[in-house]
Amino acid sequence: MKKNTTGTNIKPTSKFAKVIIYILLALLAISIIVPVAWVFMASLKENQQFYESPWALPNGLHFENFVAAWQQANMGHFMFNSLVVTALAITLLIVIALPAAYVLARFKFKGNKFWNVMFMAGLFINVNYIVVPIFLMLSNGDNFFRRTLGRPFFLNNIFITALVYASTALPFTIYLLSGYFKSLAKDFEEAAYMDGAGYFCTMTKIIMPMAKPSIVTIILFNFLAFWNEYIIAMTIMPDEKLSTLPVGLMNLMAAERASVEYGRMYAGLVLVMLPTLLVYILLQKKLTEGMTLGGLKG
């Protein structure tokens, strides 16, 4: 019988329960790995192989599928758009969420509880449910700009799309950062105030460096979310020249399915998946540690 840090007894897990857990985890891993491996395998096949056994190995490494998807299907252009939108959204999110989370977690003022409740309520709002109101709001704004300036502004605007991304990610980001900020001792700030540091200086030079694990976590987590986002990008940026990678992939899949170019279609799918897979594989430890740090210490 083991004891935890509070001194209470912890009942050890039985061998049978461990076997069941390992079997379930193995099945879960297989259900995730097999489809991903199949997509990678399919991206290297010739078109005629798709009419044979779907599980047959490629008869060669046909990397020309990736070249065709990158150049002829403009996947490189779509990837650049995704990089710009994601970078802008993460920058806006950090600039807005860090000061907001710090103030809500470390200061008591009139309305503090109200804003905390509002951000907590935002955690339960599915972004897909509010895409249409967002589109209508931006469309009405464009009607005003057309009447006054003669041109639209909100729709088909990469910066506005990044701003919408950052806004939808604010509730979770502020929740995670606030949990970490609340765990820090007041002594650090009091020492900084005694040395003559102001609120802004204390936040940027004392508190934020200490919150680096949580900051890295929100950057990684939101990178994965923004990179793979489809609904918002398709709705408020209908111009194909501004399409992000997921939207470009859907257009590619529709076009290549009609022209029976399956190898190029799966190569495009790999181009979308590869950056997120690499980021998660390389940084998954920091991602999970940061989420645990921010969530449990709050």
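Mentor: Let us begin with a term: buried means under 20% relative accessible area, exposed means over 50%, and partly exposed lies in between (1.4 Å probe, protein chains only). This is a predicted model, in which local features need pLDDT of at least 70 and side-chain atom pairs count only at pLDDT 80 or more, while totals for chains, interfaces and linings use all residues. Residues are numbered from 1 along each chain as its sequence is written, and side-chain values use heavy atoms, with hydrogens and water left out.

Trainee: What does the secondary structure of the protein come to?

Mentor: Helices (H or I, at least four residues) and strands (E, at least two) are DSSP runs, numbered from the N terminus. From that terminus the elements run β-β-α-α-α-α-α-α-α-α-α-α-α-α. The total is twelve helices and two strands.

Trainee: Which share of the 298 residues counts as buried?

Mentor: The accessible surface of the protein, from the Shrake-Rupley method with a 1.4 Å probe and, for residues, only the protein chains shown as cover, comes to about 17,800 Å². Carbon and sulfur atoms hold 69% of that surface. Of the 298 residues, the buried share is 38%.

Trainee: Which residues touch the most other members of the largest nonpolar core?

Mentor: A nonpolar core is a set of buried Ala, Val, Leu, Ile, Met, Phe, Trp, Tyr and Cys residues joined through side-chain atoms within 4.5 Å. The largest such core has 68 residues, and the members touching the most others are M75, L177 and F181. Helix α3 (residues 75-106) gives the largest share of this core, 15 residues. Leaving aside neighbours within four places in sequence, F181 is in contact (heavy atoms within 4.5 Å) with L98, A101, Y102, A105, R106, I207 and A211; the residues asked for are M75, L177 and F181.

Trainee: With which residue does E189 form a salt bridge?

Mentor: A salt bridge is a side-chain nitrogen of Lys or Arg within 4 Å of a carboxyl oxygen of Asp or Glu, and the whole structure holds one. The pair joins distant parts of the chain, E189 in helix α7 (residues 187-194) and a residue of helix α3, 83 residues apart. E189 is buried at 3% relative accessibility, and R106 is buried at 7%. With closest N and O atoms 2.4 Å apart, the partner of E189 is R106.

Trainee: Is S43 buried or exposed?

Mentor: S43 sits in the loop between α1 and α2 (64-71), and a polar atom of its side chain lies 2.6 Å from the backbone oxygen of F40. Because its relative accessibility is 1%, S43 counts as buried.

Trainee: What is the relative accessible area of V19?

Mentor: V19 lies in helix α1 (residues 15-42). Together with F16, I20, I23, L24, L27, I30, V34 and W55, V19 makes a nonpolar surface patch of about 920 Å². Patches are made of residues with over 30% relative accessible area and no salt bridge, like charges being joined within 9 Å and nonpolar side chains (Val, Leu, Ile, Met, Phe, Trp, Tyr) within 5 Å. V19 is partly exposed because its relative accessible area is 45%.

Key. Polar contact = N/O pair within 3.5 Å; in protein donor to acceptor, adjacent residues only side chain to side chain.
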